[in-house]
Amino acid sequence: AELEADRRYRSPVMTAGNAAVACCSPLVWAIACIVAAPQLTAESYYVGTAGGKSEPRSSKSGLNGNESAFNLLLIGGTSAAVECHSVVQLNGSQWCSFVKTTEDCKLDSGFIDYLQGAICGFCHNLLPFAVFLYAIWLFYLFAFLGTTAELFFCPNLAAIAASLKLSHNVALLVIIFAIAAFSDPRTANMAIGALFGAGIFVTTIVAGGVALASPFIVASRPFLRDVIFYMAAVFWTFLILYFGSIDLGQALGYLALYAVYVLTVIISSLIYRKCKNQEHASLYTCQSEYCDVEDTNPSCIRTRYYEDASEYQPLIRTEESKSTKSILLDSLNPIDFQEWRRKRLPWKIFKCLLLPIEFFLLICIPVVDFDQEGHNWKRPLNCLQVVTGSLVCILAFKSGYYGLLCIGDQFPVWVLVLLISLIIAALIFFTTKNEEPPKYHCVFSFIGFLFSTILINTVATEVVNLLRAIGIIFNLSNTVLGLTLLAWGNSVGDLFSDITLARQGYQRMAIAACFGGIIFNMLFGIGLSSLIQMPYNNYVLEIKCDGLLDWILVGSLGLSLVMSFILIPVQRFKLGKVYGGILVSFYVLFIVVALLTEAGIIHV
């Protein structure tokens, strides 16, 4: 019943989550503009030198003469030794030349150079307008991620889990963000901020929202298990930040700790089911003799259901009479006209904004959904998706680096992929029927999962690059961008879905999702992303600490977990509105302290 309720309320909940992301971005930009506007008129500031240190310079020390601030930044070395954040110390007319000549400002991945586009593409007075355009584009990127995850990534993940008989209560979006951020050492702190920020948001705002929506009693053993493992992961990350590096053994340790967590969950589930089966077996023995008299035996109900199920089968199946052309045209329509008539104008406007995204994803990513008739098999569309999805993904992976390579300096790789995909699509089309899915239809769930993962990773890379550019313009650290924008964008969907589940009576499912998902995010987000980057960095990754803000981030998450670990058992595992208010207040206090620290008001 819980799984059915989750499926029933998933679509409107995720739509609300996407809308909340849209409302979240302007709020964040307002906070960024108020708290961390570039300090261009300060009496003194610090100028980075080639040695990586900073020395104070006065704004009245003759910078308007022959010795410009641009030259001062390069004293003692080349532009490779200067950080890109130093651009805010220059005059507006010098920003473009500084960005073009500084190695730290150059783009290593992604399709768009957002920093150079904003600084060199607009005059300095129009820079706020460029940031406004970037805010709209950021909303669209988050909408792309939310739509891909809701309509394509999660259904295929559920189909894979059903095919392999695994649990699919897993969130991978934060992991992809972490991998995208860890791929560049300059944005590794953004990944740390996103993982810890999402952890604090989920364990305080989401868990507190569930408690405020509907007080309930927490399942004691699963709660204690999840909190203990999460505290262990947080403490491990604290040690890594303290020592400033992560080696191969530590990266593998993250994955090993999650493996231990999974084994613990499996073993405890087996023990729980065994006890339940024994209880049901004894109950079944007591009631079996009354099956003919009363409808209390589940087997009687199931038998009757299957006997009468044939009465509800349609006499004429309209799907069989549809032509291939009509199936393709119907499949390419992303609008449900019945739903369109019921919805109000704001929803219709938001839907129109998402139509280009949904149509693009619809022609690229196949979806296997066991809840739909024929498991969502649509022969012409699935064949088209094999071709377009393969071509788009090879051109999107690693910003098109591998797709644009040439075999023998003459034959591009993307042309080879196109030819192979056309052959595969033709074989599928001529060996299958419109009326029934092939025996290998489950393979399309793996293909859709792969395609959606590549596209999500590509868009996540764009988000990371865009946030880094905004951080440089407003002189914000990567950590504060991760714990605000990325964390909110990734977790606001969980907030709406879990609160909706709680209001429908599934509070334990909601609170389990709060802790189970973030454990996976923390351990795999750092472990897997670090492991992927190990071969390119001599199997040791250096993690630059942002100072006091990092310790506030780690300490706040640890404190919230310890607080829940102590106070919830003291309350006999009753999660009420009072404690929900405490959790929400704790997060508000954390955000205030973090922003004041970023602004330099709180310092050591």
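# Notebook: cysteines, helices and buried threonines

**K100.** I started with K100, which counts as partly exposed at 47% relative accessibility. I note here that the model is predicted. K100 sits in helix α4, residues 95-101. I listed its contacts beyond four places in sequence and got K106, Q116 and C120. K100 and C120 are 20 residues apart in sequence, and their C-alpha atoms are 8.9 Å apart.

**Whole chain.** I counted 22 helices and eight strands. The chain has 604 residues, and 45% of them are buried. I looked at contacts between residues at least 6 apart in sequence. Of these, 76% join residues at least 24 apart. The chain exposes about 30800 Å². Carbon and sulfur atoms supply 63% of that area.

**Disulfides.** How many disulfides does a search of the whole structure find? I got two. For reference, a disulfide is a covalent bond between the sulfur atoms of two cysteines.

I took C84 and C105 to begin with. Their sulfur atoms are 1.9 Å apart, and they form a disulfide. The angle about the S-S bond is 110°, and the link is right-handed. C84 lies in the loop between α3 (69-72) and α4, while C105 lies in the loop between α4 and α5 (114-121), so the bond ties together parts that are 21 residues apart in sequence. Buried or exposed? I found both C84 and C105 buried.

I then turned to C96 and C120. This pair also forms a disulfide, with sulfur atoms 2.2 Å apart. I read a torsion of about 115° about the S-S bond, so this disulfide is right-handed. C96 is in helix α4 and C120 is in helix α5, so the pair ties together parts that are 24 residues apart in sequence. I checked cover at each end. C96 is partly exposed, with a relative accessible area of 22%. C120 is partly exposed as well, at 27% relative accessibility. I also recall that C120 is in the contact list of K100.

**Two further cysteines.** I looked up the cover of C123 and C383. C123 counts as partly exposed at 44% relative accessibility. C383 is buried at 7%, because buried means under 20% relative accessible area.

**Helix α20.** I checked the length of α20, residues 507-533. At 1.5 Å a residue, its 27 residues should span 39 Å. The end C-alpha atoms are 39 Å apart, which agrees. Where is the kink in α20 centred? I found it at F524, with a bend of about 30°. α20 is mostly covered, with 20 of its 27 residues buried.

**Helix α21.** I ran the length check on α21, residues 548-570. Its 23 residues should span 33 Å at 1.5 Å a residue, and the end C-alpha atoms are 32 Å apart, which agrees. I listed its buried residues; among them are L549, D550, I552, L553, V554, S556 and L557. The list also includes S560, L561, M563, S564 and I568. On the spacing, an α-helix has 3.6 residues a turn, so residues three or four places apart point the same way. After α21 comes R572, whose phi is positive, near 60°.

**T204.** I went on to T204, in helix α8, residues 188-213. It counts as buried at 0% relative accessibility. Which residues does T204 touch, not counting those up to four places away in sequence? I got G209, S560, L583, V584, F586 and Y587. S560 is one of the buried residues of α21.

**T148.** T148 is buried, with a relative accessible area of 0%. Leaving aside neighbours within four places in sequence, I found T148 in contact with F153, L361, I365, S452 and I456.

Technical notes: Residues are numbered from 1 along each chain as its sequence is written. This is a predicted model: local features need pLDDT of at least 70, side-chain atom pairs count only at pLDDT 80 or more; totals for chains, interfaces and linings use all residues. Side-chain values use heavy atoms; hydrogens and water are left out. Helices (H or I, at least four residues) and strands (E, at least two) are DSSP runs, numbered from the N terminus. Buried means under 20% relative accessible area, exposed over 50%, partly exposed in between (1.4 Å probe, protein chains only). Contact means heavy atoms within 4.5 Å. The expected span of a helix is 1.5 Å times one less than its number of residues. The bend at a residue is the angle between axes fitted to the seven residues ending there and the seven starting there. Accessible areas come from the Shrake-Rupley method with a 1.4 Å probe; for residues, only the protein chains shown count as cover. A disulfide is a pair of cysteine sulfur atoms within 2.5 Å.
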